[in-house]
Amino acid sequence: MRSALLLTAAAASFTLVAAGGQAQAQSVTGTVQVNGTVANRCLFVTDNVVLDLGELSLQTGDVAAIGRLDQAKLTSRTATLNGWCNGVSATMAVEAQPIFNTSFTATAPTGFERRIDYTATASAAPASGSVSASDTTVTSGGGSASTTGIFASDIVVSFADAATPAGGRLISGSYSGSVAVTLAPAT
Amino acid sequence: MNKTILIGAAALLGLAIAPAAMAQTVTGTVNVTGSVAAKCVVITGGSGGTFSGSIPLGELAQADGTLSTTLSGSTNASPGGSTQFRVNCNSAAPKVTLSSTRLALTPSASAPTGYTGVIDYTAALDAALANSTTQTVSYVTAAALPAATVQNLSTSLANSAGNLTVKAYALNTASGALLMAGNYASTISITIEPS
Amino acid sequence: MIQHRTCFAKGVTSFAAAIAALGSLSVATGAHAQDPVQGTVGLDAQVAQVCVLGTPNPGTLALGQISEASGARVGRLTTIASQSIQLPGTFCNYAGAALAISASPLAVTATTQTGFVGSVDYTCTISAWGATAATVRTSAGSSSGTGSSATNPAPQETDLTLVVSDFAVSSDDLLQPGAYLALVTITLGPDAGLAASGS
């Protein structure tokens, strides 16, 4: 009987609410790190130059001077190498070898010479200003290294202090010497 | 006076009882609704809302000191490097935002004449789509960094592993520039929104 | 549920940061320096063969009167002492240079009359150049004489002494009056050619 009191059930509707309440959009963000390295390196673009110095002895002038070393034959010349180093710690060093008579290899008689000593200087041109390194052939071993840092330029090799050990006359023959310029990426 | 009252009561009674005597079916409908929020979520390479990774390119220079021709000649098909992620997005056209910084010497240093410490390149996001195609979203770095690339994917992301591949390729510098020695780094930034 | 997600996100961020840090460490140690490189400047030169004869001192020999003015040998060759000429600082800068002397007889510049002789012979010697002396003796029929040269097996610088001696007339006849002249040529150089000569 109690049911007689009830009114006709009307259509009822209700909404099932999704869990969490209001619907929101969610994004993702990401980062990718790209890495690479460049190793410290040096390279000679022009790595070899041969200087033909010609006749080394004085051939004219005072008789007392004829046959002795004509210094200008070496000191007036330069050789141009070219290279680069890509790192701030790069250095340049020079080791020069005396010019020796390769035709006459015995001990030079009194008054005569078969060896010419000199100082070689290499100069590079980084942006911050010229950097030089030198070596004298009088002492064995190379000269100390100079820091060039990053550079890409000509490397000019020049000569000074050309002299024979005792100032005597040069023995006739073929003469040969060399200068090694070393570029080191990092010490 | 008594007669009057009795008639009233009988009428009331009749009204109350009449409906209860009939049998009736009742029907009702309940509408069930729900919604799924549009969302993207990281599955591999991170979780939740962020992912991260790296692309190591190794030595960038070749023996003559310039940018490796392998890296400068790299393409989307054969990139310098890549890394993969999986992101699930439930929307029909997720929106991708992509940008990158230049690959630069870190810490930076001014470059002497003939040298560079900055490399431009193309950063790309290859999205595997649900229709078995791949859509590439790319960004090319430059001295004046362009605005980020914003692109909607043409359809949903594929529901598969590694559906996002980030690539670096087409590295380039000024012609003949020597690369300064050191470590180079850049950051590719990616945002994927449901819509 | 929201709380749970927040915690997870924090964990992911810190892990990613750790990965990034590890990544940069490996890159730094991987970039090692390349080897040093060397450029070379070659120096080629030569020294030519040269000989220089020291300036003769005296430059000429003035013998004066070479015939006896009186006595038994009047008009015939007198005794002439050995003469020396210095050539200081003579040198050759190569091994095997040869020194040779040629000499013409001391001969009268005018016509010689019959019965008179107009030529005096003498010997030239330089002993300081080689192990053996260079020497030549003049003879009437030859303008240069024949002699032997001296070779030194090493470059040498030395003072040379030219000794002119043994003046004689082969027939010891009367000497034609007049001025007498002789020329001595010293040659120092490769046997095949002449690099220097002095007279």
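Author: This is a predicted model, and chain A averages a pLDDT of 90, with 86% of the residues scoring at least 70. Residues 1–23 of chain A are an exception to read with care: their pLDDT stays under 50, and the model has 17 contacts for them beyond four places in sequence. Where pLDDT is low, the predicted coordinates should not be read in detail. For the model as a whole, the scores are ipTM 0.85 and pTM 0.79.

The contact between the two chains draws on 36 residues from chain A and 60 residues from chain B. Within chain A, β1 (28–38) and β10 (151–163) each supply at least two residues of the side that touches chain B. The most comes from β1(A), which gives 11 residues to that side. Sorted by class, the side of chain A that touches chain B has 20 nonpolar, 15 polar and one charged residues.

The link through β1(A) is a strand pairing across the two chains. β1(A) runs antiparallel to strand β13 (residues 182–193) of chain B, and 11 bridges join the pair. One position to look at is A:Thr37, which stands opposite B:Asn183 in β13(B).

The other strand named on this side, β10(A), leads back into chain A. β10(A) pairs with β4(A) in the antiparallel sense over eight bridges. In this pairing A:Asn82 has A:Asp154 of β10(A) as its bridge partner. Strand β4 (residues 78–85) of chain A also pairs with strand β2 (residues 42–46) of chain A, again antiparallel, through four bridges. A:Cys42 stands opposite A:Cys85 of β4(A) there.

Next comes the nonpolar packing. In soluble globular proteins, nonpolar side chains tend to be buried together. The largest nonpolar core here has 130 residues, and those with the most contacts inside it are A:Val157, B:Leu60, B:Val87, B:Leu125, C:Leu99 and C:Ile101. Strand β8 (residues 118–128) of chain B brings the largest share of this core, eight residues. β8(B) is joined by seven bridges to strand β9 (residues 134–140) of chain B, and the two run antiparallel. Across this pair, B:Ala127 has B:Gln135 in β9(B) as its bridge partner. The hairpin of β8(B) and β9(B) has five residues between the strands, and B:Ser132 takes a positive phi near 70° in it.

Chain B has two further backbone details to check. The peptide bond between B:Thr106 and B:Pro107 is cis, with omega about -5°, and B:Pro107 lies in the loop between β6 (103–105) and β7 (115–116) of chain B. B:Ala170 is not a glycine, yet its phi is positive, near 55°. This residue sits in strand β11 (residues 164–172) of chain B. B:Ala170 counts as buried because 20 other C-beta atoms lie within 10 Å.

The core also reaches chain C, through residues that include C:Leu99. Leaving aside neighbours within four places in sequence, C:Leu99 is in contact with C:Ile126, C:Trp129, C:Gly130, C:Ala134, C:Ser149, C:Ala150, C:Ile186 and C:Leu188. Chain C has one helix and 15 strands, and 30% of its 199 residues count as buried. Of the contacts in chain C with a separation of 6 or more, 71% are between residues 24 or more positions apart.

A cis peptide bond leads from C:Asn57 to C:Pro58, with omega near 0°, and C:Pro58 is in the loop between β2 (51–52) and β3 (83–92) of chain C. C:Asp172, not a glycine, has a positive phi of about 55°, and its place is the loop between β11 (156–168) and β12 (174–175) of chain C. C:Asp172 counts as exposed because 11 other C-beta atoms lie within 10 Å.

The pLDDT is below 50 over residues 1–30 of chain C, a stretch with 23 contacts in the model beyond near neighbours in sequence.

Definitions and conventions: Residues numbered from 1 in each chain as written. Chains lettered and ligands numbered in written order. Predicted model: local features only at pLDDT ≥ 70, side-chain atom pairs only at ≥ 80, totals over all residues. Contact = placed C-beta atoms within 7 Å. Nonpolar A, V, L, I, M, F, W, Y, C, P; charged D, E, K, R; others polar. Pairing = 2+ DSSP bridges. pLDDT = per-residue confidence, 0-100. Buried ≥ 20, exposed ≤ 12 C-beta atoms within 10 Å, placed from the backbone. Core = buried A, V, L, I, M, F, W, Y, C linked by C-beta atoms within 7 Å.
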